[in-house]
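My entries follow in the order I made them.

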Amino acid sequence: LFMEDSPSPRKRYDFDTPENVPDYGGDEEVSDTPDTSQQRPAQVALDAIALASRMQTDLETVAMDFVQHFKDETKESNLCLVGGVALNSVLNGRLSRELNFEKTFIPPYPGDDGIAVGCCAYGLNRKAKDSDTSTSPTTVWKEPLTPYLGGVPSDLEVKMALDQADPWIEVEVIRDDQQRYKRMVDEIASGGVIAWYRSRSEMGPRALGHRSILADPRKHGLVRFINEHVKSRESFRPFAPSALADEANDWFDLSNSDDGKFSNVSPFMSITAQVKEHQRHKIPAVTHVDGSSRLQTVRKEDEPSYHAFISAFFKATGIPMVLNTSFNTIPGEPIVETPMQAIRSFLYTAGNLEMLILDDYVITRKPADLRKLLGEVEKQAGSTSKAAVSTEPAYPKRAGQVSFQSSFDMPEESADDDNIDIITTTKVQMADRILHVDGKWTELLDELEAELLSICDGTVSLNEILANYISIPDEDGNQKKDYMDEETQQLLQNIVFRMSRLYDLTFIYW
């Protein structure tokens, strides 16, 4: 979607905030100077943008007129929105702010998924009416249902997921909530990105703190980083803030009433509000290009754990909110539901997610232990020797059965040459590995990597593998090894690199 004459094509749709905007952790002002080195989108992209903008404008115009008409007709002071269009947070924000409703309610599942809840309410209402002889209206629920209606993973399910991923993860148990929140705050305040999985999942399309990826809203550079390296999507996608409800009115324009009363709470991330102009430079990662933000307000009585975590971040940084986006990192897959899906999605980011908090477990990615692979460990504490301690080397093993697929390609320009350059591409599938995606083949670097994967059956060490490649016959015809040879050292480095890569892709472990 970009001009063909561009010297360096960029990822399509990559025309968001300039890269030269600095990463803010303080009160500096954001420069509005455009980066002229950025590509200008092709006309087809500009036309698509214009069409989307016009459709949004027309929707808002029609909906505002429609709702205003029925407000005048009914004299109602409260508004409830349902239906798929009620996921349009920009429209919801205008309706709640500009039409002077006292309260606006949008359920966390306004689309077709909410029909299940409606059927449940209808059934309970009918059952209550059948057993109630009074003439007063029957109340099913006195307040809106929690959005956290998913299943609760059992302790056994969590343990099984941790055991299955054990070769690739480090696990620390932190039972104390405040210590765990401090660990999380320290990580994101230092620029890290974390994932949080706990309790019941959210019903509806929004992640509201139970299946969330979290980061520091002060770090502008995280927008591109999370989009490209964590979520694998277009870099212009904005992120939402989860803000303490008691503090939100100081940061967002939430009411147009004369007294500035905070009345349009957005507990389900349903409403877009304008970030107050003097606060925008403090939270650039959750402030869209037009100054807006799709807001989630968090109250202690609704979600005490999430509220406590944001409060801890507020105490540490002076910012009463965190960046929140849905916990799904594998392209084409929805928000994670099970503990195994959470760990799989965490590992898929290849270290770009620094930490996964799964209930009381703090999970980090275990780096490939090359010392163990080579058969040496660091010297024991208190030892006077500077040398590492040699141990029996590990025996790398495949994580499951593997299927290979090879293809060969000969460039047209080499067809008439005497020296034909044939390009070999090898792809593999391993259904049992944690990062396997149904129907997807993983391309290996080269034939050497494919050979190493086929050799790793748990019975041979790295030294034995290396011996197969560097064995040299002596004068008597016996095999000898020359580990000091420069070519051999280069081969060893190549083999170790590929073994480490296969480990990171969860094809092998040791």
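Entry 1, the sheet. I found an open sheet of three strands in the order E16-E17-E18, with antiparallel pairing. Strands (E, at least two residues) and helices (H or I, at least four) are DSSP runs, numbered from the N terminus. Two strands pair if DSSP finds at least two bridges between them. I noted E16 (403–409) and E18 (442–443) as the edge strands, since each pairs on one side only. E16 and E17 (residues 423–429) are joined in the antiparallel sense by seven bridges. I looked up Phe408 and found its bridge partner in E17 to be Thr424.

The model is predicted, with pLDDT of at least 70 needed for local features and 80 or more for side-chain atom pairs, while totals for chains, interfaces and linings use all residues. Residues are numbered from 1 along each chain as its sequence is written, and side-chain values use heavy atoms, with hydrogens and water left out.

I picked Ala450, which lies in helix H11. Is Ala450 buried or exposed? Its relative accessibility is 10%, so Ala450 counts as buried (buried is under 20% relative accessible area, exposed over 50%, partly exposed in between, with a 1.4 Å probe and protein chains only). Leaving out residues up to four places away in sequence, Ala450 touches Phe404, Thr426 and Leu444; contact means heavy atoms within 4.5 Å. Ala450 and Phe404 are 46 residues apart in sequence, and their C-alpha atoms are 8.2 Å apart.

How are H11 and H13 packed? I read an angle of about 65 degrees and axes 10 Å apart for H11 (residues 447–455) and H13 (residues 486–504). H11 is therefore roughly perpendicular to H13. That term covers 65 to 115 degrees; under 35 is roughly parallel, over 145 roughly antiparallel, and the rest oblique. Axes are lines fitted to C-alpha atoms, for helices over the stretch in contact, and angles run from 0 to 180 degrees between N-to-C directions. On the H11 side the contact is made by Leu448, Glu449, Leu452 and Leu453, and on the H13 side by Asn494, Ile495, Arg498, Met499, Arg501 and Leu502. By class, I logged six nonpolar, one polar and three charged residues in this contact.

I noted 13 helices and 21 strands in the protein chain. Of its 510 residues, 41% are buried. Among contacts with a separation of 6 or more, 67% are between residues 24 or more positions apart.

Key. Ala, Val, Leu, Ile, Met, Phe, Trp, Tyr, Cys and Pro count as nonpolar, Asp, Glu, Lys and Arg as charged, and the others, Gly among them, as polar.
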